[in-house]
Amino acid sequence: MQKIFNYLIIALLLVTTASSCKKWLDVTPGNQVRAEDQFTSEAGFRDALMGIYISMTDKGAYAKNISWGALDFLAQPYRRAGSTSGFFEMQVYQYNTPGAMEIVEAMWKGNYNSISNINSALDNLEKKKGVVHPISYSIIKGELLGLRAFLHFDLLRLYGRSNFAGRPELAGKPAIPYVTSFSKEVTPQLSYAKTFELMEKDINEAAALLKEDPIYKNNNHPESYYAEVNRTGFFDNRHLRMNYYAVKALQARVLLWQGSAAKMAEAATAANEVITGSAARLISADNPVKDVIMKSEFVFALNIDRFYDIINFSLQPILTDDGVYMFETNYHTVYELNNTVGLSDFRQLNWFTDMGTADKTWVLRKLYQNAGNTETRNMLPLMRISEMYYIMAEARMSTDLAESIELLNTVRRSRGIVQDIPSNADAQTVSGELTKEYQKDFVQEGQLFFYYKRRGFTSFFGLPANTTANDLIYMLPYPDSEQGSGNREQ
């Protein structure tokens, strides 16, 4: 059986910042000469960093599977995918069938490939530190460490167990391999507790380094500070990179997943820093049509070349096996159109198109790539500011329920909902409203399944009758090629 390292011997995609020309460079421990040639200048490190972002835009990773595609179908918001669709077997949780295993392996392989490139770049960054400007060194290293934690966390959320906060016995169980070096050696599995320690270490170091980030609110640098390192605009458009606030948003996610009272309090602090410090702002309810994808809310997004070729066919108002459709009854239930709450919610007003079919099906067009909209074309959100409000609301629920209610109402108002959650609502009601917000806000973004999994829901809206959600559903199996590698245990 292949070891995890076999996945990591890959080609590093380079993007020259001047011409956007793409080429491939082998980076393997057996081919260090070429790797060392790559990292002889700051331009080489910049190209390597951009190559990592591009590797994340593969269809097997975030451009399809770990966002609007397979992962979103697991949360059951949509009507059944057609039998020829790769999503079909995933949607019915038949993970060991050929179609599903292809997706399961693609997500595993894709993230670990990117992690391998990150570790190669980090290793060479320390060896060749002298060729990189000190400011660039801090920002590039901070991005690399933040990305390493981000990719590992999603692997843990995909292939790890559910309800970590409610199952203290999991702390000592083996988690996914956390790979921190570029080596032929098989990375041993560590406990969940130790894996979270490594993740938090990367996040904390990344946040410290990214205080040099131009986006960081409190860096207090003069305008000329970045003149030399940013002559080509390489450090512009920080919302499309693992910036300082994206690292803090990731920190909030990781802390919330662990779920102890102390971690929840820290999660609220991290989320609040993103809310108060980042440039991301909740969309204005006054004119949301101009920003259907909610670009103003992006904390971290990917720029996917020719994204329309990947996604648009599944979002057309014609029946296809891969189509992202919702039955009208489900659509009305999720967006509360059966009462007055959802009538003014811009999400339901702007994201759905009536298919005109006899079974009353609606197609979800939230991420439809409109050729005429150059401001948001090719963008896929991975973190948005609304999630930080939700994380803070959940974290404060047991200590300041009034604040939780106000945080949720703030998001609801920004979406056009005029009916507030009552100020005297109890915790159970507020928790239910939080779930509704995740269901409404994160369609096509892949976060809803993770929400159900983190909270250990045994049932959720859309789950087939007589089906209990447990680790058989929530925990994707390791790929066949990993099962016998290094005594892997899941």
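Modeller: Gladly, and one definition comes before anything else: buried means under 20% relative accessible area, exposed over 50%, and partly exposed in between, with a 1.4 Å probe and protein chains only. This is a predicted model, in which local features need pLDDT of at least 70, side-chain atom pairs count only at pLDDT 80 or more, and totals for chains, interfaces and linings use all residues. Residues are numbered from 1 along each chain as its sequence is written, and side-chain values use heavy atoms, with hydrogens and water left out.

Colleague: Thanks! Does Asn466 count as buried or exposed?

Modeller: Asn466 sits in the loop between helix 17 and helix 18 (471-474); helices (H or I, at least four residues) and strands (E, at least two) are DSSP runs, numbered from the N terminus. Its phi is near 65°, a positive value in a residue other than glycine. With a relative accessibility of 84%, Asn466 counts as exposed.

Colleague: And what is the relative accessible area of Arg306?

Modeller: Most residues other than glycine have a negative phi. Arg306 has a positive one, near 55°, and is found in the loop between strand 3 and helix 11 (307-311). Arg306 is partly exposed, its relative accessible area being 44%.

Colleague: Now to helix 17: which of its residues are buried?

Modeller: Eight of the nine residues of helix 17 are buried, so this helix is largely enclosed by the rest of the structure. Just after helix 17 comes Gly456, with a positive phi of about 70°. The buried residues of the helix are Gln447, Leu448, Phe449, Phe450, Tyr451, Tyr452, Lys453 and Arg454.

Colleague: How is helix 16 oriented to helix 17, roughly parallel or antiparallel?

Modeller: Axes are lines fitted to C-alpha atoms, for helices over the stretch in contact, and angles run from 0 to 180 degrees between N-to-C directions. Helix 16 (residues 427-441) packs on helix 17 (residues 447-455) at an angle of about 150°, their axes 9 Å apart. That makes the pair, by the convention (under 35 degrees roughly parallel, over 145 roughly antiparallel, 65 to 115 roughly perpendicular, the rest oblique), roughly antiparallel.

Colleague: How many nonpolar, polar and charged residues does the contact of helix 10 with helix 14 have?

Modeller: Helix 10 (residues 261-277) and helix 14 (residues 385-396) pack at about 150° with axes 8 Å apart, and are therefore roughly antiparallel to each other. Among the residues that meet are Met264, Ala267 and Ala268 in helix 10 and Ile385, Met388 and Tyr389 in helix 14. Ala, Val, Leu, Ile, Met, Phe, Trp, Tyr, Cys and Pro count as nonpolar, Asp, Glu, Lys and Arg as charged, and the others, Gly among them, as polar. By these classes the contact of helix 10 with helix 14 has 12 nonpolar, one polar and two charged.

Colleague: On to the strands: which residue in strand 7 does Asn303 stand opposite?

Modeller: Two strands pair if DSSP finds at least two bridges between them. Strand 3 (residues 298-303) and strand 7 are joined by five bridges and run antiparallel. Six of the six residues of strand 7 (residues 379-384) are buried, so this strand is largely enclosed by the rest of the structure. Opposite Asn303 stands Met379.

Colleague: In strand 6, what is the bridge partner of Asp354?

Modeller: An open sheet of three strands has the order 4-6-5 with antiparallel pairing, and its edge strands, each pairing on one side only, are strand 4 (325-327) and strand 5 (352-354). Neighbouring strands of this sheet are turned by 35° against each other on average, direction ignored. Three bridges join strand 5 to strand 6 (residues 361-364). The partner of Asp354 is Trp362.

Colleague: Last one: which residues does Ser162 touch, not counting those up to four places away in sequence?

Modeller: Ser162 lies in the loop between helix 7 (134-159) and helix 8 (192-209). With a relative accessible area of 6%, Ser162 is buried. The residues touched are Arg167, Leu170, Lys453, Asp471 and Tyr474.

Notes
Contact = heavy atoms within 4.5 Å.
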